[in-house]
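This report describes the architecture of one protein model, from its overall composition to its individual side-chain arrangements. The sequence and structure are shown first.

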Amino acid sequence: MREIKFKAKRVSDGEWVEGSFIYPNEIIPNPSTCDDTDAGIPIIIDPRTICQFTGLQFVEVFYNDILELTYKNKTKRLQVSFSEVHQCLVFLYLDDPKVLDRYTYDKFDKSWWEYNCKNGNIRVIDNIHNK
């Protein structure tokens, strides 16, 4: 069964919190990612920073995360996104030139993902909301 969870930045201190999204601006934190005093208590978040867990295996990734892919002695930055046109997860190539003011991208491929994760070629380095 796919795990449904979100992360967003707290309004109070700008730190990331993971949990269940319950209202337009609140998350109930996961007990494993918060202090005991915060468990079960809704936290006010900035709704512009909400990112849903992708459900991908091997590396925990949320939409809007920025990944670093190292392959054949080359390093690229990829943004995890959702394509409304293709209705699937895509990786936007942030370092490649834009075509018609859009990033080039690849659709998610399970075997490609598994290979690169198991070989240590992919890691989460940032999120677009950290800027």
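The sections below treat the overall fold, the strand pairing, the nonpolar cores and the ring interactions.

**Basis and overall fold**

The model is predicted, so local features need pLDDT of at least 70 and side-chain atom pairs count only at pLDDT 80 or more, whereas totals for chains, interfaces and linings use all residues. Residues are numbered from 1 along each chain as its sequence is written, and side-chain values use heavy atoms, with hydrogens and water left out.

The protein contains one helix and ten strands; helices (H or I, at least four residues) and strands (E, at least two) are DSSP runs, numbered from the N terminus. Their order from the N terminus is β-β-β-β-β-β-β-β-β-α-β. Of the 131 residues, 38% are buried, where buried means under 20% relative accessible area, exposed over 50%, and partly exposed in between (1.4 Å probe, protein chains only). Among contacts (heavy atoms within 4.5 Å) between residues at least 6 apart in sequence, 42% join residues at least 24 apart.

**Strand pairing**

Two strands pair if DSSP finds at least two bridges between them. An open sheet of five strands has the order 4-3-2-1-5, with antiparallel pairing. Its edge strands, strand 4 (43-44) and strand 5 (51-52), each pair on one side only. Within the protein, strand 1 (residues 6-9) and strand 2 (residues 16-23) are antiparallel and share four bridges; lysine 9 stands opposite tryptophan 16 in strand 2.

| Partner of strand 8 | Bridges | Facing residues |
|---|---|---|
| Strand 7 (residues 74-83) | Six bridges | Valine 80 opposite phenylalanine 91 |
| Strand 9 (residues 105-107) | Three bridges | Tyrosine 105 opposite leucine 92 |

Strand 7 and strand 8 form a hairpin with four residues between them, and glutamine 87 in the turn has a positive phi of about 55°. Strand 8 is mostly covered, six of its six residues being buried.

**Nonpolar cores**

A nonpolar core is a set of buried Ala, Val, Leu, Ile, Met, Phe, Trp, Tyr and Cys residues joined through side-chain atoms within 4.5 Å. The largest one has 14 residues, of which Leu67, Val80, Phe91 and Trp113 touch the most other members. Strand 6, strand 7, strand 8 and helix 1 each give two or more residues to this core, and strand 8 supplies the largest share, three residues. Leaving aside neighbours within four places in sequence, the contacts of valine 80 include Val61, Leu67, Leu89 and Phe91. A second, separate core of six residues includes Ala8, Val17, Ile27 and Ile45.

**Ring interactions**

The structure holds eight aromatic pairs. Rings of Phe, Tyr and Trp (its six-membered ring) pair if their centres lie within 6.5 Å; planes under 30 degrees apart count as stacked, over 60 as edge-to-face and the rest as tilted. Tyrosine 71 and tyrosine 115 form an edge-to-face pair, 6.5 Å centre to centre with 80° between the planes. This pair links distant parts of the chain, as tyrosine 71 belongs to strand 6 (residues 65-71) and tyrosine 115 to helix 1 (residues 110-118), 44 residues apart. Tyrosine 71 is partly exposed at a relative accessible area of 38%, and tyrosine 115 is partly exposed at 44%. Elsewhere, ring pairs link Phe91, Phe108, Trp112 and Trp113 into a cluster.

Lysine 5 sits over phenylalanine 53, 4.8 Å from the ring centre, and lysine 7 over tryptophan 16, 4.6 Å from the ring centre.

Methods:
A charge sits over a ring if NZ of Lys or CZ of Arg is within 6 Å of the ring centre and within 35 degrees of the ring normal.
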